[in-house]
Structures are given as structure tokens and as C-alpha cells.
Amino acid sequence: MRTEWKKLSKSSWPRLAMRKWLNTKNGAEKFESDYDATAIAKERRKSCSDEDGYVGVADDYSGLVVGKQSRGTGTGTGAMNLRMFVGTWNVGGKSPKEDLSFRNWLTSPSQPHIYVIGFQEIVPLNAGNVLGPEDSGPAAKWVGLIHEALNNNNYDDDEDKGNLKCRKSFSDFVSLEGELDDEEKSPQSGRSYCLAASKQMVGIFLCVWVRRDLCNHVSNLKVSCVGRGIMGYLGNKGSTSISMTLYSTTFCFVCTHLASGEKFGDELRRNLDVSEILKKTKFSRSLKSLSHSLHPQSILEHDNIIWLGDLNYRLVAGYDDTHELLKKNNWQALLEKDQLRIEQRAGRVFKGWNEGNIYFAPTYKYLTNSDHYVAQSSKSKEKQRTPAWCDRILWKGERLNQMWYVRGESKFSDHRPVYSLFSVEVDLKQRSKNLVPRSCTLKPLTSTALSSTCCAAKVQAEEQLLLLTRAQSCIQTVPRF
């Protein structure tokens, strides 16, 4: 791949970069799911007022909530308590091997109803992957490994094991509504999971899995991508988000890879990334939703929000001070130097968001296949990257409760995976229109406004082309973004 890109002339870089930027917007309308939403997605007409690309599907997919509760802990007040596993891992641009096991990482003391798993750098962040066609091969491998880990223990006889190769679709489970009532009596049936949605933007990949007995209560699946990389638009950094409704409770999962670097002031770039992602992430509403309660259009309008990923916040302490505290396993003293907590306390980022107590070692940067940090073995000061808690999980929502927050010990990449288990209360009753926030009110798009928006989009594209032309030498010399 590198050899092919070196053959390209300098003059072709701006054109390719602009094409990638435009394709990123168009490609953001698509996502993978066991539920085939293609027919419904086509009903929505794409307009030039769409920002960063998003899609809405199946607003009325789940129909009315059925009378009986699915398996879970009922509260007796029209609500139900569920468990949700959330994991994040920067895999360093490495494609998974067939013998890589997810079972230890995805094991939970209490069986989750939902799995939310996010990756960063599933492909190398070189020019070919950032500016060229999206490589979905590694994402398919990760999905296969997760599917096997979540579903491999559900069948006891050889015949059923063979059937794992023929994967049921999300829509198949809708037609099984009557059969699910009987199957739920079996403890084995609740352990199989279907892929609700997955979405990739360059190296950022997010997938959401739902237990089979809940599949027909999932609706309003949507995705949104925001690029924050080169020129502030390309997808080597940024976010991939998935919005969904379970019964009558809305969820938003935001997987991010923020600006890197541990120089003074780099934390401000990360703060800006967070601000722009919150502002630019938009989930569309189809015409069908007008007859029902309106669904969230932005991240903060959701009932429950999970923000996960490689946030890249570092420690303000120098390596010498950090090294001494590392040897003593004094995590609390190190966390006083954590940029994210400092910025959050100052109210400059994630104001009102929650994060659990950290009782594990910094997750970055390790030597591959080693328990030693790079800084402990490198003699070059340029490569002595101070260990830090780059990989984090934050949340926002009154009905979310974190049960545990830990890290994994896989030596596959230079990051350690981080995961958490939440309990969440979901509403079973359908909401009325008057419960929608004022910020959700739809405004009619006049022809004047539409024309202005189209003109603005054209001007924005021309500005980006100019910027990319000036930056072409910079793009060519950077091997990894």
C-alpha cells in the first residue's frame, strides 16, 4: 500500500484528500447490522443540509411494547433493570489473529443484556488508509471474533454448533416473537446475541450487540461520524456514534480517538475535539417519527450516553516523577496529574459527566508482547512517552450505575483494553409527545434556507480544497497520523 501511494504525484494529494472528505460524509449513511435496514434507509432523501453524514432507520420497527417484560429485573413501576458491558481497545493498527481469544475479555460476573465494544486503530493510520478507500477487512475479523465469543457456548450438540456458521439476521428475530416466549424458559436461549449495529470510520470501529430476547424491542438505529483528523475533517481522528432506542429509553454510544501528543497545550486540542464532536454529531429524524414521540437528534438529548475510546489525555508530571510513583503502584497520586481529571475539574471538558474510580495501572504505552512500558526501556527521550490512562469510559444518565471499571491484560497492542459493567433502568411504557425537550422541535426548511445551506456547503468544500493544497507536503511526510 505504501509503495503505491509513493508513486502518486504531489498534485494528486489535494484531489484525493477532498474526495476522501466528501466520501466520508456519504459513507456515514451506511452501517452493518444483523437487521437489514436497507429498504427503510432508502426512504429518506439525502439533502445538502446533512452534517457529517447520518442515517435513520426503522422508527417504528419495534412496534408497540408487548405486555410482558423480557427477561431482566422488573422494578414493578413500568421499568426494567438491565446490564450493559462496555469495552474499548486501541489495537495499534494490527489485524487480529485467528487464535486471539475474546472470551476472557468479554467475561462478566453477571450476564450482560447489551455489549458495546469500541476499537481504535483497527487499521494502520497511514496515508493510504486515511485518504484512500476504507479497509473493512479487519473490522469483519473483529466482528467474527466477538460473535464467536458471545455465542459459541450456547449450543450443546454438534448439529447446533455447525449452525453457527449460518448466522440468523436481526430481522429473523422479529418473526420469532411467538417462539421467543417459549425459548425464554430455557437458560441457554438468553445467551445468544445479535449485532444491532456497527460502524467504521478509518481506524475507529464501534459495534453494539443485543441479547436475542431483546432484539425485537430495539428501534431507531442510527449512526453518525465526525472526522477530527487532518485539517479538522479527515477520519484518522474523531468519533463514530450509534443511537438506538430500547423499549422507550434512548441510548447513545460514542467511540472516539482524540488528538494525540503530550506537549504542553495538547490537552486543549483534545478538549476542542470533544466540543466539536458534541456539536457536529447529528442523528436524523424520518417523516415516520413525526407521528410518534420525537427521537434524539444530538448526543446530549439521549437518556443514557456512553463515551468510550482512546481519549489520549496524558499526565502532566515528567517521566522521572511518574516512574517513581509507578514503581510504588501509587495510582491515586498519579491521577492527580491526569489531564482529563484536571480539565474536567476546571469545567473545560466533560462537565457533568461521570467516570468511575480508577484502581488499575496506566494503559499506555507498552512494548508489544510485554508488561513493560516503552519509557522503561527506551534510551531516546523522544520515544520516552510517559505512561498514561489514555483509554477511558465516561457516562451520563440518571439511570446508569457503574458496577465495575477495570482493564484487561492482553499484550496484543501497545494499549491495554479497558472495560466496564453498568446497570441501567429502561422504561417499558411508550412516551407521549409532550415529553420531548424543546431543543428537539423540528423547524421547517424553507427554500431560502435550503439554498443558503447548499451554498455554505459549496464554500466549505472550496475552503477545504485550498487548505489541503497548502498542506500537501505535510501530509506526504507524516507516516502515521
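A disulfide here is a pair of cysteine sulfur atoms within 2.5 Å. This is a predicted model, in which local features need pLDDT of at least 70 and side-chain atom pairs count only at pLDDT 80 or more, while totals for chains, interfaces and linings use all residues. Residues are numbered from 1 along each chain as its sequence is written, and side-chain values use heavy atoms, with hydrogens and water left out.

**View 1. The disulfide between C194 and C215.** A search of the whole structure turns up one disulfide. C194 is joined to C215, with the sulfurs 2.0 Å apart. The link is left-handed, with -90° about the S-S bond. It ties together distant parts of the chain, 21 residues apart: C194 sits in strand 5 (residues 193–201), and C215 in the loop between strand 6 (204–211) and strand 7 (218–227). Helices (H or I, at least four residues) and strands (E, at least two) are DSSP runs, numbered from the N terminus. Both C194 and C215 are buried, meaning under 20% relative accessible area; over 50% would be exposed, and in between partly exposed (1.4 Å probe, protein chains only).

View 2. C207 is buried, at a relative accessible area of 0%.

**View 3. Q120 and its neighbours.** Look for Q120 in strand 4 (residues 114–120). Q120 counts as buried, with 0% relative accessibility. Its side chain reaches the backbone nitrogen of N90 at 3.3 Å. That is a polar contact: a pair of N or O atoms within 3.5 Å, where within protein one must be able to donate a hydrogen and the other to accept it, and residues adjacent in sequence count only if both atoms are side-chain atoms. Leaving aside neighbours within four places in sequence, the contacts of Q120 (heavy atoms within 4.5 Å) include T88, W89, C255, H257, D310 and D391.

**View 4. P417 in its loop.** P417 lies between strand 12 (400–407) and strand 13 (418–427), in the loop that separates them. Is P417 buried or exposed? P417 is buried, at a relative accessible area of 2%. Apart from neighbours within four places in sequence, P417 is in contact with T88, W89, W105, R407, G408 and S410. The C-alpha atoms of P417 and G118 are separated by 10.0 Å, though the two are 299 residues apart along the chain.

**View 5. Helix 10 and what covers it.** Buried residues of helix 10 (residues 266–280) include D266, E267, R270, N271 and V274. Among the elements covering these buried residues are strand 8 (238–246), strand 9 (249–257) and helix 13 (339–345).

**View 6. Two nonpolar cores.** A nonpolar core is a set of buried Ala, Val, Leu, Ile, Met, Phe, Trp, Tyr and Cys residues joined through side-chain atoms within 4.5 Å. The largest one has 84 residues, and M84, F102, L106, F119, W142 and I306 touch the most other members. A second, separate core of 17 residues includes F283, I299, V349 and F350.

Methods: Expected span 1.5 Å × (residues − 1).
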